Amino acid sequence: MGSLYSALNIAVGSLQAQQAGLQTTTNNLANMNTPGYSRQRPVLQEADPVIQGRLAFGNGVTLTGIESLRDSLLNLQIADQMQQQAKSQAFVDTMSQLQPLFPMDTSGIGAGISSFFASLNGLAANPSDSSLRQNVLAAAHALATAFNQSAGQLNTTRSNLDLNVQQDVQEVNQLTSQIAKINGRLAATSSSGSEYGSFLDQRDALVQQLSGLIDVSVLQQGSSLTLTTRQGTALVVDSQSFELNTRLDSGDATRHIYAQAGDITNSISGGKLGGALEARDQEIPSLLGQLDTLASALVTKLNDAHKLGFDLNGDPGGNLFNPLTGIGAAAGMAVAITNPKLLAASSDGTSGGNGNIANLTAVATQSVSNGMTPIQAYGNLVFQVGSSISNAHADLSASTNVLQQLQQQQSSVSGVSLDEEASNLLLYERAYQAAARAISTVDQMLQTAINMGAQ
Amino acid sequence: MRLTATESTILLNALNAADRAEQNALLQMTTGRRVNVASDDPAAAAMQVQTANQLSAGDQFLRSISSVAGELQTADSALSSCVTALQRAITLGVEGANGTVSQQDRQALASEVQGISDQVLGIANLNYNGHFLFAGTADSRKPYVLDPNAPGGVAYQGNDQTNEIEVESGYTVPMNMPGSQLFSASGASVFEALSDLATALQNGTGIDTATQSVRAAFDQLTTSRVFYGSNVDQLLSDTNFLQNENLQLAQATNNNVGVDMNVAATNLVNAQTARNSALAAAAQSSSLSLLDYLGKS
């Protein structure tokens, strides 16, 4: 038999359920612009029926919990893609700053090489002319300066990157310790309600931030999350985080990244750190090395050729550039003579001879590295810089596209839809009104029952 | 698929992409270049390094040629007046050999020959742009000085060296001819021959022989002088070659890194259209949601 009281209870239960629904909807609306927020919804369930004999009466609604809508796999894919994207972005940003150091024409080392050899040809026309000699010295100076500037800028960028690496590592440590804390709280809380959901949201957001910095591999066990780098260096295990630190390496004068296991610098392959390290440890040293090789070869060959000749005073030529080879040759390249008379243009000791200029200009067609002439070696550098940037650009736009796609997908799962929430508001309001109406109806009926026979 | 309020992100991405495309097209149009940095097209950029180097070398060759050609032409025209002077000397010698000429007239002829010798000396000591043209590479001092002990009374203090200059990649031309091949070649010295002729005219003996010597010196000079004329011709044809080559290099630059204006303009228009339509779509897409209609009964 149904009773008025059980009807009243059902209606009250409904009021509570609709209120919970309203609260969830309001919370969704409040967080619709919160980064990392996953929309929530109340989990309503039919209450167990009341069995009376052959009749089973429905017993209203029960609120069993509040659930967050998220797709963990999607979140992992997003984190994964962010590592790629942040890496390419960091690399492209750095290298794009350096690209102007390697212009194709009109300026820089290439133009410096061309102008230098051109000035020698100009001097050949009138080898005793002091303004033409000055011209050659100025061109030599400009060439040395072009090398100095490029190498200097590469070195500066490298040490800036080094500083960034330090900061990024600190940020990684902050994030891992926050994630570990959340892991701890999640382990402590038995609630599966909205509190739980918001912790997960926060943690997902932190993992994504972390993915922007370093390559992370995520292992989910129940509510706990284990984070390692791709190479397996532990970052977070349950409620414990493992700090990374940086130490200045005496070998290459950059900061290396250490975990408990040791130096992991070379194994970091993703995130902003991955991109910065690739630029700092591979691309820039390779460019610097090639600049040094080119500068060394030019200095040595031009000096050798210069020494074959005689200056305006009839004395044998000395060094045209300061003899400097190997590492740092490009950064330290400098013209050795300041007096234009000391330029050894003559091959017979007479002031009007220009025979040695042919020896000097011959360097332009000689191999300086791997069978390449100076200008070819420079062209090769330009190609290397250009292609590494354009490849990274291609990677960047590919991963950006994928990321945008994934984020839209995620938004369709976890995002807050205004229309949906509005219609929910309406539903809860209507249901609440109906339950309230039911209560007042039961009330009237009770009154009728109470007043029965009271006349 | 559930739709949520992601228009703003989509719009932002679309606008970013359109902005980038627009900037790129604008840059290409303003610089006239498709490849503005190496990453735009690494292979084309590397090739442009070579082309720019060749262009720079070509420009320099042209400048050097014009400087050298000026020098060669000056030398050639000086030698041309020298040739005329020697012709006159030969005429004087032939005149003086005629038995009817009086001693007094021969004296006059002799002093004219002496004058010619002075004139030739001046030409042999010609200075151009601070250096002496006929001194070999020892061109900082006068190649010919008066020296009573020297044969013909004039001593050569230049050398026998020549300078060469590269005028096309890998191709050099000689720039000068030393005086020792022009004025004081052994057995055909202009000064010796003129001096002998002057002496012979004064003495009235051996005039024919002396005139023969002047003729030999004249032949030597005219033969050697051909060097200047032919080199100038050579340089002029090099100039044409280099100018053509530079044109071709400029064309290559254009093909390699230049922009097709039609393409760039189309790209610009496309980017602008994309941007405008993204904005228009955003304006069209209703900012209204169901919320706006509730409670408005």
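A: Two strands are said to pair if DSSP finds at least two bridges between them. With that in mind, and remembering that this is a predicted model, one can begin with strand β10 of chain A (residues 255-259), which pairs with β11(A) in the antiparallel sense over 2 bridges. Within this pair, A259(A) has G262(A) of β11(A) standing opposite.

The pair belongs to an open sheet of 3 strands in chain A, whose order is β9-β10-β11 and whose pairing is antiparallel. At the edges of this sheet stand β9 (245-248) and β11 (262-263) of chain A, and each has a single partner strand, so one side of each is left without a neighbour in the sheet.

Chain A also has an open sheet of 4 strands, with antiparallel pairing in the order β5-β6-β7-β8. Here the edge positions are taken by β5 (217-221) and β8 (240-241) of chain A; because each has a single partner strand, one side of each lacks a neighbour in the sheet. Inside this order, strand β6 (residues 224-228) and strand β7 (residues 234-237) of chain A run antiparallel and are joined by 2 bridges. One of the facing positions is L227(A), whose bridge partner in β7(A) is V236(A), while T228(A) stands opposite A234(A) of β7(A). Packed on the sheet is helix α4 of chain A (residues 130-188), which touches β6, β7 and β8 of chain A and whose direction makes about 25 degrees with that of β7(A).

The connections between these strands can be followed turn by turn. β6(A) and β7(A) form a hairpin with 5 residues between them, and in that turn G232(A) has a positive phi of about 95 degrees.

Over all chains, the structure holds 16 salt bridges.

The surroundings also include chain B. Their contact takes 49 residues from chain A and 48 residues from chain B, and the two chains bury about 3700 Å² between them, with 56% of it on carbon and sulfur atoms. On the chain A side, M104(A), N121(A) and A125(A) lose the most area to chain B, together accounting for 18% of what that side buries. Between chain A and chain B there is 1 salt bridge, in which the side chains of D105(A) and R33(B) meet at 2.7 Å, N to O, and there are 18 residue pairs in polar contact, counting those with both residues at pLDDT 80 or more. The elements of chain A that give two or more residues to the side touching chain B are α3 (108-125), α8 (355-362), α9 (374-414) and α10 (418-451). The largest share of that side, 16 residues, comes from α9(A), and by class the side has 17 nonpolar, 27 polar and 5 charged residues.

Technical notes:
Residues are numbered from 1 along each chain as its sequence is written. Chains are lettered from A and ligands numbered from 1 in the order in which they are written. This is a predicted model: local features need pLDDT of at least 70, side-chain atom pairs count only at pLDDT 80 or more; totals for chains, interfaces and linings use all residues. Side-chain values use heavy atoms; hydrogens and water are left out. Contact means heavy atoms within 4.5 Å. Buried area is the accessible area (1.4 Å probe) that two parts lose on being put together, summed over both. A salt bridge is a side-chain nitrogen of Lys or Arg within 4 Å of a carboxyl oxygen of Asp or Glu. A polar contact is a pair of N or O atoms within 3.5 Å; within protein, one must be able to donate a hydrogen and the other to accept it, and residues adjacent in sequence count only if both atoms are side-chain atoms. Ala, Val, Leu, Ile, Met, Phe, Trp, Tyr, Cys and Pro count as nonpolar, Asp, Glu, Lys and Arg as charged, and the others, Gly among them, as polar. Axes are lines fitted to C-alpha atoms, for helices over the stretch in contact, and angles run from 0 to 180 degrees between N-to-C directions.
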